[in-house]
Amino acid sequence: MEPSFVVLGDMLEKILLPFFEQQQKQGDADSRDDEAEYDTKAMTLQRPWDSFIKENRAEWKVRAEKEEAEKKAKAAATEAEAADKKQ
């Protein structure tokens, strides 16, 4: 899931940042006295989903470990029942 959101964020930056830069330049052109340099590399789009992905990854890992332990316990119980039936 994380790679999808990385691509999504990259696409949003490519689409939205030129628009924001254009608006910033246009707004500053109306109110500035001297020429200003714009550092387009410094502009970044916030990605609020990053923290949620990290939290979810940790929760999914714990859940997967718990499910794996339950699966092993169930398999062991099934094997024990099968062994009792053979006797």
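1. In which helix is Lys 54 found? In this predicted model, Lys 54 is found in helix H2, the helix that covers residues 49-86. Lys 54 is exposed, its relative accessible area being 56%, and that value falls in the exposed class because the class begins over 50%. Lys 54 and Glu 2 are 52 residues apart in sequence, yet their C-alpha atoms are 8.9 Å apart in space.

2. Glu 2 also takes part in one of the salt bridges. A search of the whole structure finds three of these, and in one of them Arg 57 pairs with Glu 2, with 2.2 Å between the closest N and O atoms.

3. Arg 47 forms a salt bridge with Asp 10, where the closest N and O atoms are 2.8 Å apart. Arg 47 lies in the loop between H1 and H2, whereas Asp 10 lies in helix H1, so this pair ties together parts that are 37 residues apart in sequence. Asp 10 counts as partly exposed, at 34% relative accessibility.

4. Arg 47 forms a salt bridge with Glu 13 as well, and here the closest N and O atoms are 3.3 Å apart. Glu 13 is in helix H1 and Arg 47 in the loop between H1 and H2, so the contact ties together parts of the chain that are 34 residues apart in sequence. Taken as a group, Asp 10, Glu 13 and Arg 47 are linked in a network of salt bridges.

5. Val 7, Met 11 and Ile 15 form a nonpolar patch on the surface, and together they have about 300 Å² of accessible area. Val 7 has its place in helix H1, which spans residues 2-31. With a relative accessible area of 46%, Val 7 is partly exposed, and this value meets the accessibility condition for a patch because patch residues need over 30% relative accessible area.

Methods: Residues numbered from 1 in each chain as written. Predicted model: local features only at pLDDT ≥ 70, side-chain atom pairs only at ≥ 80, totals over all residues. Heavy atoms only, no water. Patch = residues over 30% accessible without salt bridge, like charges linked within 9 Å, V, L, I, M, F, W, Y side chains within 5 Å. Areas by Shrake-Rupley, 256 points an atom, 1.4 Å probe, with all protein chains shown as cover. Salt bridge = Lys/Arg side-chain N within 4 Å of Asp/Glu carboxyl O. Helix = DSSP H or I, 4+ residues; strand = E, 2+ residues; numbered from the N terminus. Buried < 20%, exposed > 50% of the residue type's maximum accessible area, 1.4 Å probe, protein only.
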